[in-house]
Amino acid sequence: MTETGLFSISSTETLMILRGFIPTVMVVAIGVLVGKLDDSRHQSTLTKLIDYVFLPCLVFTAIHRHPFDLNEVLQIAVAVTVMVCLSTVAALCLMRDRPGAAGWNHLAIIFMSSGNLLLPLAYVLFGSEGLVKGIYFHLCVLLLFHTLGAYLVKGKSDLRSFFRIPFLYPMALGIAAASLPLPGSENLVELAWLTEKGIHIAGLGALPLLLINFGYPLGLIELSALRQGLAGGALRIVGGPLLAFAVIWLYRQVGWLSMERGYDILVFVDRRTTEALLILGASLPSSHHALRMEAGGGLVASQAESATLLVSVLGGMFTVITVLFLVDAYVFQG
Amino acid sequence: MANFFRPGRGRLILVLLLAALATLAAARAPGDARKVRKVAIILFRGETPSERGFLDTIHASGDFLVRCRAFNAGQSTDRLREILANLDASKYDLIYTFGTMATQSAMDKIKDVPIVYNVVQRPIEAGIIRSWESSANNVTGASNIVAMESAFRTVALVLSIRKLGFIYNDQDPASKIQRGDIAKIQQKFGFRILDIPVRDLESIPEAMRQAVSAKLDAVFFPADSFIMANAGTIVALLNKHRIPSIAIIPEMVTENGALISLGPDYYELGQLAAQNALEVLGGKQPAQVSSKTVRNLHLYINLKTADRLGIDFPLQLLSMSTVVR
């Protein structure tokens, strides 16, 4: 029964945060172990399984049950764009990449793990509503990565590779399915529900696999590289949430995420969930995108960005949980 | 100074003090100055938080000393008819009614005395008022209307529903209206409705057998006085068979163990009805006093039931709901 000004250790919300966060860390740790033990380097197979089978199922399941709302997508898209652009300015001004590195480390600072980490965490903490918002967040990050990110390291954007991502297509399919009427025949309805159930189960399988995939390369990074990643990692996990809080403050000021409670509490809950998701997404450690783009096979790339990733993951274990308590205290209950 | 304490002066001080105390006491007893008004309270299922809100507000009025007399039908339509048949409405300045059935029955009999209704889901569709602004008759009040889409968006956050049971009293017109509202959104939320009508206490076990054998994903409870009165038995059976129950009336979550409810706070509804009653007692015609609805809906979650059913609520819902443990 520890009571503090911010939270009570025995409160339902605190237990809920811990019940979501601790298993997530544990599955990432299993991923680290798998990476260490797997001499044959099967991560590319794991990645393909996730990208082509499990993640599309998860995306379809979440999206097709959720009424499409353009305003919701725009709120997330604008926030992600503003945060990524400001992070880019901060990374370019404050951090110098090593000579000849073509800005790979900058990518590790700018882009958060919007797929591997955000999607499972959003689902575990904020339910299906959070997962859908997480999917929109991830989509925006991917678009920015293949345009702005590719431009930073290659000098030109790579929209073609963006459209090759399997993730996009179940999303479009899910939006279409959400607007289709139920089949008239009872048998067809039963068949549709049965199929949906199968897709749903496969989709849930994506959640631990994403976390294992995130943990996989972490164990391969040499600890001696940690010092190189201190500044970049700190910028990612501290600068990210600060930017998100600033964006949300701005949204509230202009009334886009109004604090007006209104008649329907769900509209209010929905706005607060968007805020929570944006803050959570912005506070996450670096993504694998840069590593994958540079190394090709999904394994560890060169030292600087690997070190940034590792520092952001280790530091993120403290900052993410702190951010979650702040979200609960000031966004949901504030 | 010495003269001040002479016996004559002491008596004067005592008299003045007593006079001041008497003035203060008179000021503390506003009832003397307030106009006396009589209100008949017609209840279908006993006192609820809405009546507490009504009485607290009306008794706090500085203008009227309201004397209330309650008539409880005890969930019996026959008893309700009997109460109304024996009620001499002309003895009262205002009639308060709870629920659609009691209000409609009162309206049939009482035409000259103002009626203030409370907890009526769809007053327009039930023919109680012509519009929210003006009833065009001797009625005004407060409605517990809930947009069904809001209720189902709440449910969709935690449950995947394909077969939804709708349990209702087939003699209550309000339930049928709510059934119609849900039918309109079933396409959007991708579920089918299975009707579970109940008429009396004897029909409940059979209705529950029907619900269990249909392998329902959830059962929806409309704002229905008869169902509310028997919610304890019904919800316990559903929980036993691990079927989630979704309610409009918060008491079903706080007292009967239903999983979740999205609806108005009944105490607040009572306060709103009392505001209308005070306006009418103050001289306004009921038709001039617009019907009221609550400004916010409240979410209630029963965590004990959720644990039993193996349902996890997302953080944002837990943080922003009234949680029953």
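A residue is called buried if 20 or more other C-beta atoms lie within 10 Å of its own, and this criterion is applied below to a predicted model.

**Exercise 1.** Determine which residues of α4(B) are buried, and explain why this helix can be described as largely enclosed by the rest of the structure.

*Solution.* Applying the criterion along the helix, one finds that B:Gly99, B:Thr100, B:Met101, B:Ala102 and B:Thr103 are buried, as are B:Ser105, B:Ala106 and B:Met107. Because eight of the eleven residues of helix α4 (residues 99-109) of chain B are therefore buried, the helix is largely enclosed by the rest of the structure.

**Exercise 2.** Describe how chain B is divided into domains, and characterise the contact between them.

*Solution.* Begin with the bounds: domain 1 of chain B comprises 30-144 + 265-293, while domain 2 comprises 148-263 + 298-324. Next, take the centres of the two domains over C-alpha atoms, which are separated by 28 Å. The contact draws 14 residues from domain 1 of chain B and 13 residues from domain 2 of chain B. On the domain 1 side, α4(B) gives the most, with three residues, and by class this side has five nonpolar, five polar and four charged residues.

Definitions and conventions:
Residues numbered from 1 in each chain as written. Chains lettered and ligands numbered in written order. Predicted model: local features only at pLDDT ≥ 70, side-chain atom pairs only at ≥ 80, totals over all residues. Buried ≥ 20, exposed ≤ 12 C-beta atoms within 10 Å, placed from the backbone. Helix = DSSP H or I, 4+ residues; strand = E, 2+ residues; numbered from the N terminus. Domains from an automatic or database assignment. Contact = placed C-beta atoms within 7 Å. Nonpolar A, V, L, I, M, F, W, Y, C, P; charged D, E, K, R; others polar.
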